[in-house]
Amino acid sequence: MPDTAARPVRPHAKYDRLIDIARKHEPMPTAVCHPCDAVSLDSAVEGARLGLLEPILVGPPARIIDVAARHNFDISPFELIASQHSHDSAFKAVELVRTGRAQALMKGSLHTDELMGAVVARDSGIRTARRISHCFVMDVPSHPEALIITDAAVNIAPSLEDKVDIVQNAIDLAHALGVAEVRVAILSAMETVNPRVPSTIEAAALCKMADRGQITGGVLDGPLALDNAISAEAAAIKNIASPVAGRANVLVVPDLEAGNMLAKSLSFLAGADAAGVVLGARVPIILTSRADSLSTRLASCAVAVLVAAARRANAAAALA
């Protein structure tokens, strides 16, 4: 993600609304995995200060205490679970979820692969029947609503079967964020089905799967090029008439490379911020970057709080 220090400070109205809504819920017990640098520890401290998180710090105690002392962070209210190194931190943080003590994971100063390795471990992980996927909730200054982009961080070259779960995870996230109508654009380089472009065929298949009830909760259209997915004028020029064209609030990219380039283009060229969350595990996983602004990191926490609250509500409804 871009160097936020080089970007002008601007309001984050979309993220502020998310945080305000999330603060209406009880603080979420969160296993903060290996918070051994200032950014990750600051995220936990500020998340707790706003009433979003109830952090459980998992890592080498001496390192965490040293970071807190050097940056004047008060971590005295937080439980601290000792680990030997980053892999041990990941294992113990995941174990807190398995035992029901944590309702979310938060990545600290370890590699994403280390944390996700513990999450997907066959015998000790927290996988579900769903494919794990990542969503960016992007605050683009020139766009009227937040955009969900998936998957730009986890699935490198997802199959059609994988994309069913990727789309469903994104739709469920949109509902958790309070989106009234989820309009999903399956992106490609063009808006027509072309047998020589596999992503157009998969887009058409996903739309038909939604028609058959294999994907629920949203309106799908695709293939759509980016311009006619988010610009009503571009959609009109191409004579594309659908509830999604020009009005999409969820963008499903063909693969990780396309998603990464799209998200970073919005960040670098359009001044967007990108809150991130991983879905498909037993609990939401908060992924933050050292380059993210504090507002973006807190927005990622807020997104996870709302996902966890939606899951509790759905579970309660199923038992009623």
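The structure under discussion is a predicted model.

## Overall form

The protein chain is built from eleven helices and eleven strands. Its C-alpha atoms occupy a box of roughly 60 × 45 × 40 Å along the principal axes. The radius of gyration is 20 Å, which agrees with the value near 20 Å that a compact globule of 320 residues would have. Of the 320 residues, 54% count as buried. Among contacts with a separation of 6 or more, 72% are made by residues 24 or more positions apart.

## Helix H5 and its cover

Helix H5 spans residues 112-120, and its buried residues are Glu-114, Leu-115, Met-116, Ala-118 and Val-119. Which elements cover these buried residues of H5? The cover includes helix H4 (86-98) together with the strands E1 (28-33), E4 (104-107), E10 (273-279) and E11 (285-287).

## Cysteines

How many disulfides does the structure hold? The structure holds zero disulfides. A disulfide is a covalent bond between the sulfur atoms of two cysteines. The criterion applied here is a pair of cysteine sulfur atoms within 2.5 Å. For Cys-135, the closest cysteine sulfur belongs to Cys-301 and is 16 Å away, too far for a bond. For Cys-301, in turn, the closest cysteine sulfur is that of Cys-33, at 14 Å, which is also too far for a bond. Cys-135 is buried, with a relative accessible area of 0%, and Cys-301 counts as buried at 0% relative accessibility.

## Backbone geometry

Most residues other than glycine have a negative phi, and most peptide bonds are trans. The following sites depart from that pattern.

| Site | Backbone feature | Value |
|---|---|---|
| Thr-150 to Asp-151 | cis peptide bond | omega near -5 degrees |
| Gly-222 to Pro-223 | cis peptide bond | omega about 5 degrees |
| Asn-72 | positive phi | phi near 60 degrees |
| Asn-239 | positive phi | phi near 60 degrees |

Where do these sites fall along the chain? Asp-151 lies in the loop between strand E6 (147-150) and helix H6 (160-176), whereas Pro-223 has its place in strand E8 (residues 219-224). Asn-72 is located in the loop between helix H3 (61-71) and strand E3 (79-82), and at 70% relative accessibility Asn-72 counts as exposed. Asn-239 is found in the loop between helix H9 (232-237) and strand E9 (250-252). With a relative accessibility of 68%, Asn-239 counts as exposed.

Ser-188 lies in the loop between strand E7 (183-187) and helix H7 (198-211). Is Ser-188 buried or exposed? Ser-188 is buried, because its relative accessible area is 12% and the cut-off for burial is under 20%. Leaving aside neighbours within four places in sequence, Ser-188 is in contact with Val-197, Ser-199, Thr-200, Pro-223, Leu-224, Ala-225, Leu-226 and Pro-254. Among these partners is Pro-223, the proline of the cis peptide bond with Gly-222. Another partner, Leu-226, is 38 residues from Ser-188 along the chain, yet the two C-alpha atoms are separated by 7.5 Å.

Asp-165 is found in helix H6. At 18% relative accessibility, Asp-165 counts as buried. Which residues does Asp-165 touch, not counting those up to four places away in sequence? Asp-165 touches Ala-129, Arg-130 and Arg-131. By contrast with the pair of Ser-188 and Leu-226, which are 38 residues apart and separated by 7.5 Å, Asp-165 and Pro-141 are 24 residues apart in sequence and 29 Å apart in space, C-alpha to C-alpha.

Note on methods
Residues numbered from 1 in each chain as written. Predicted model: local features only at pLDDT ≥ 70, side-chain atom pairs only at ≥ 80, totals over all residues. Heavy atoms only, no water. Helix = DSSP H or I, 4+ residues; strand = E, 2+ residues; numbered from the N terminus. Rg over C-alpha atoms; globule rule 2.2 N^0.38 Å. Buried < 20%, exposed > 50% of the residue type's maximum accessible area, 1.4 Å probe, protein only. Contact = heavy atoms within 4.5 Å.
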